[in-house]
Amino acid sequence: MNALLETEKVLWNLDDLYLSSNDPALSRDMAACREQADRIATFQGRVHTLSAKDCLALVEQLERLDILLTKLATFAFLCFTTNTADVEASALLQKVEELSAELGSQTIFFRLEWNALPDKQAQNLLADPILAGYRHYLWAMRRFAPYQLSRSEEQLLQELSPAGRSAWNLLFEKVMGRMRFGDKKRTEEEVLADLYAADREVRRLAASEMTEGLQRQLHVLTHVFNTLAAEKMIIDRLRGYDSWLASMNLENELADTTVATLIEAVTDRYSIVHRYYAFKKALLDLDELFDYDRYAPIPGQDETRIPWSRCRRIVLDSFAEFSPKMAEIAEMFFEKKWIHAPIIKNKRGGAFAHPCVPEVHPYVMVNYTGNLRDVSTVAHELGHGVHQYLAADQGFYNGDTPLVLAETASVFAELLVFKAQIQLLDDPAARRAFICGKLESIFATVFRQVAMNRFEDMMHRARRSQGELSSDQLSEFWLASQKPMFGDSVTLRPDYGIWWSYIPHFLGTPGYVYSYAFGELLVLALYGRYQQEGEVFVDNYLALLAAGGSRSPAELLAPFDITLDDPLFWRGGLDIIEQMLADVEQEA
């Protein structure tokens, strides 16, 4: 398949990080990290005595250390992710994580002592112009002050981290990376791609193979989910968080009420999904839609495999129409080998854009199978990549963007590709099918992610009140959270109940999934502004990306006159989705 899709040679070149896992620079940089941490440790116990100038010097040293550790971690992770069975790559990743935990324990004093400063003293320091470049970073750090533990407790948690969440996530990646499905022993990506096949029997068989494969490892996957839910329960309890989602909301610099408003707005409009799948059932002339029919192609849909060269042209042309600068940055990912695209043995599933450090560009990974959905995925990840590239000018600490705004950049890139492609379709059936495909993509980003948030909510609450959860209980939560989204429009078979078990977001970043819905609905509002403002919007949008995480989401969105706490804002985005559905219903 890779040869037909032209992806055989679309492999990333990691030389900008290190030349190989045996590169002497790895050992040199690890030693340099230890030396830097030793120098930083001399400030321990003195943060409350520092002037603004001395504070700046210390923060700059901490940032340089974190940059070097992140460079090491990025190389180790990228090596591992394309070959999860490689013992050497796994060992390097673990070694770097252990180093990071050890040095994090040595330097954690700054965060603890900074957060312990009286508000007045912190305000006076941050008012000094010399700290202007780190003002938001340092003030945002203090959000976590009420949940801070003692120094010995924080150091212990830091030291134990390589044997905690990261280790269990590594096990999950290894299990999923080595898993094979069906008689043909296919990868996760290959079997999931068949759910988009026109032949219903192919879809049914793919769903069956997926279920059977997951079932064979369900005892391991259930244990991983339980262990990480328990770890989060313990840490949340020790820190005093009010809910399992509170820490994620703090990371995103969002009020709990903002997130609750978003989730309520989306769940209140599940009827849009019900209407769409009732419509799709009629288009497919089926008496009943099952879970494996959700992604069945609409009549008129082009199922031709799209080679990599055409995918590249589609994405770059779409970006260029919006902003030549955006296209120019995205093109570097193709030209300079910053992308890994083929499906290969032991490569992890899914897709991501991995930020690195300001001195080294991001990298993008996809598993390209050549369908329209994959073209959209390439656009999505390149949206992240462009965002990360632009934000690098803010420096390492200020370039780190809250997840909700990170997803805005990726979803906006997807929408640009959709809008460009729809203009090329004259045939009514093809146009209808293409819009339906986009609606399904939006549903996956908005409604499905919120439904998954509801699954997480059930899982974490039950883990805290009931203890260890069985596979059956987790499957009950999965079906109970998914069924309201589909209503009577789709029949979810019992087999579908275990499909919670392959989703890595629940493990790697608990609570993360609502960020997708946030990003999609925000993008719909932003695109409306673009249609009204033209070039003025383009400049403001690129400035938003380039700002990275230098301010809070509310502050960064202020130029667009968006109020995140207003239910009407979220309903406006949902109204646009419903109007898309009404338009396609009317055309049919």
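Predicted model: local features only at pLDDT ≥ 70, side-chain atom pairs only at ≥ 80, totals over all residues.
On the α20 side, Thr408, Ala409 and Phe412 make the contact. On the α26 side, the contact residues are Phe537, Tyr541 and Leu545. By class, this contact of α20 with α26 has five nonpolar residues, one polar residue and no charged residue.

Helix α2 spans residues 24-41, and helix α3 spans residues 52-81. Their packing angle is about 155 degrees, and their axes are 10 Å apart. This angle is over 145, so α2 runs roughly antiparallel to α3. The crossing of α2 past α3 is left-handed. Helix α2 contributes Leu26, Asp29, Met30, Ala32, Cys33, Gln36, Ala37, Arg39 and Ile40 to the contact. From α3 come Leu58, Gln61, Leu62, Arg64, Leu65, Leu68, Leu69, Lys71, Leu72 and Phe75. The contact of α2 with α3 divides into 13 nonpolar, two polar and four charged residues. Among the contact residues are Asp29 and Arg39 of α2, and Arg64 and Lys71 of α3; Asp, Arg and Lys count as charged.

How values were computed: Residues numbered from 1 in each chain as written. Heavy atoms only, no water. Axes fitted to C-alpha atoms, helices over the stretch in contact; angles between N-to-C directions. Helix = DSSP H or I, 4+ residues; strand = E, 2+ residues; numbered from the N terminus. Parallel < 35°, antiparallel > 145°, perpendicular 65-115°, else oblique. Left-handed = near helix turned anticlockwise from the far one by under 90°. Contact = heavy atoms within 4.5 Å.
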